[in-house]
Amino acid sequence: MAYVQSTPYKPPLPNPSTWNQPLRQQQHCSFRPPPTERVSKKRDKEKKTAIIDPMAASKEGVISNKQVLLKYYVTGFPKESDMQLITATTKLKLPEGSMGVLVKNLYLSCDPYTRFRMTKPEPGAGYVDSFKPGSPIGGYGVAKVLESGDPKFKPGDFIWGMTGWEEYSVITATESLFKIQHTDVPLSYYTGILGMPGITAYAGFYEVCNPKKGETVFVSAASGAVGQLVGQFAKLLGCYVVGSAGSKEKVDLLNNKLGFDNAFNYKEEPDLDAALKRPVDIYFPEGIDIYFENVGGKMLDAVLQNMRVNGRIAVCGMISQYTLDQREGCHNLIYLVSKQVRMQGFTVLSYYHLYGKFLEMVLPAIKEGKITYVEDVVEGLESAPAALVGLFAGRNVGKQVVAVSRE
Ligand SMILES: NC(=O)c1ccc[n+]([C@@H]2O[C@H](COP(=O)([O-])OP(=O)(O)OC[C@H]3O[C@@H](n4cnc5c(N)ncnc54)[C@H](OP(=O)(O)O)[C@@H]3O)[C@@H](O)[C@H]2O)c1
């Protein structure tokens, strides 16, 4: 197979001294079962006992607690004005008899699926429960345990898992939390490469795609939290990897920092089918063995025409469809038959049992500089609404993280 020769991937030297800096400056260097309906309801109930009357704010143990609330259910693209930053007060103490944990939130993750949770619940429509207007947004995050009613955690432990978009949270669904055992990497990594997006990339690529050395791999939304890792896992295996992204800056990142063999800006391609087989760049002259699908829509249609016989498509997500009232149709499914392609959707929920195995692989790869990880960190809870909204306009470069507190 004739591929364009790529520049050999040179891993950057790890530089632990910069690991705790915001990567917007540094630039390069969640679903353990998500809060199911049951979990969220429990949490809301307990939260009510944790947040007390502002009039009592002067009493000992009561502190202010900034929160980002969902104002009302969202349709179409989410807007900053769909959310509201308030300062509530919280009693810095677990409710009597609680088996939960009281945590200080450090890093919060902005994830595309959050958009689903901002939608009015429709029976049978989604696999995650909706937020309630007037309640804090929730999602994956990294936090420090202040008090624990669960013997698995003790004050001072760091955890990652489902928490609230607020400074302090009481988490009752402790079974969904991971205790962070390795703190010699930046804690923010547990919102991304070492958290939900990391295990998604790992399971989606190795388990769903069944990849082999030398195969051709295409990744969409390739500079995002999941895509950047899938591309690098594929390179480590010896695959030929092309990514698509929505800006020149992201294409440069894929080509020059993340070790992709090639990349293109899909927004500049009026004909995606032609782009994928363009002879000048020779992206996929003989077709695609593996497509890691993150965006859906027109990209999926174009890829279907370019799949090789016995190819695999892992459907991780379809972000281009999340904000549409009327989702686009797919016109080229016929190629699944003629090319005998296996197309499989998956959710990370089914793969958390692999987390230990995943860490064994990815932690050394990070420390040895075999994997480069790019985060986009904004500071403060007040920046969270814009950061979340930005995912749907492609404003994030790398994994979007909100640093609530760095201590
Ligand atoms: N199955 C699972 O369990 C699971 C778990 C995690 C994530 N996911 C899915 O995986 C996908 C990637 O997630 P992520 O966390 O890596 O995302 P991310 O880092 O938040 O990146 C999102 C990126 O998607 C691209 N995008 C936004 N709107 C788009 C559109 N209309 N058309 C094409 N691209 C668009 C943008 O990049 P560009 O500038 O390149 O357009 C944006 O930066 C999403 O679909 C997400 O829902 C699934």
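Which residue just after H5 takes a positive phi? Gly238 does, with a phi of about 95°.

## Basis of the model

This is a predicted model, in which local features need pLDDT of at least 70, side-chain atom pairs count only at pLDDT 80 or more, and totals for chains, interfaces and linings use all residues. Residues are numbered from 1 along each chain as its sequence is written. Helices (H or I, at least four residues) and strands (E, at least two) are DSSP runs, numbered from the N terminus.

## Ligand shell

The ligand is surrounded by 32 residues, where a residue is near a molecule or strand if its C-beta atom, placed from the backbone, lies within 6 Å of it. Gly224, Val226, Gly246, Gly317 and Gly394 are the closest. Helix H4 (196-208) and strand S15 (399-403) are the elements that give two or more residues to this shell.

By class, the shell has 16 nonpolar, 13 polar and 3 charged residues. Here Ala, Val, Leu, Ile, Met, Phe, Trp, Tyr, Cys and Pro count as nonpolar, Asp, Glu, Lys and Arg as charged, and the others, Gly among them, as polar. Both domain 1 (62-192 + 373-403) and domain 2 (196-353) give residues to the shell, so the ligand lies between them. The domain bounds come from an automatic or database domain assignment.

Helix H5 (residues 227-237) is mostly covered, with 9 of its 11 residues buried. A residue is buried if 20 or more other C-beta atoms lie within 10 Å of its own, exposed if 12 or fewer, and partly exposed in between, with C-beta atoms placed from the backbone. The buried residues of H5 include Leu229, Val230, Phe233 and Lys235. The buried residues of H5 pack against H4, S8, S9 and strand S11 (288-293); contact means that the C-beta atoms of two residues, placed from the backbone, lie within 7 Å.

In S8, Thr216 and Phe218 point one way and Val217 and Val219 the other way, and all are buried. S8 pairs with S9 in the parallel sense over 4 bridges, pairing being called when DSSP finds at least two bridges between two strands. Val217 stands opposite Val241 in S9.

## Helix H6

Helix H6 (residues 248-256) has Lys250, Val251, Leu253 and Leu254 buried. These residues cover an arc of only 155° around the axis, which puts them on the same side of H6. The arc is that of the directions from the helix axis to the C-beta atoms.

On the other side of H6, Lys248, Glu249 and Asn256 are exposed. Strand S9 (240-245) and strand S10 (262-265) are among what covers the buried residues of H6.

## Loop residues

Most residues other than glycine have a negative phi. Asn210, in the loop between H4 and strand S8 (216-219), has a positive phi near 50°. Asn210 is partly exposed, with 14 other C-beta atoms within 10 Å. Gln340, in the loop between helix H9 (334-338) and strand S13 (342-345), also has a positive phi, near 50°. Gln340 is exposed, with 12 other C-beta atoms within 10 Å.

Asp82 lies in the loop between strand S1 (62-70) and strand S2 (83-91). Asp82 counts as buried because 20 C-beta neighbours are inside 10 Å. Tyr72 is 10 residues from Asp82 in sequence, and the two are 6.2 Å apart in space, C-alpha to C-alpha. Leaving aside neighbours within four places in sequence, Asp82 is in contact with Leu70, Lys71, Tyr72, Val74 and Met118.
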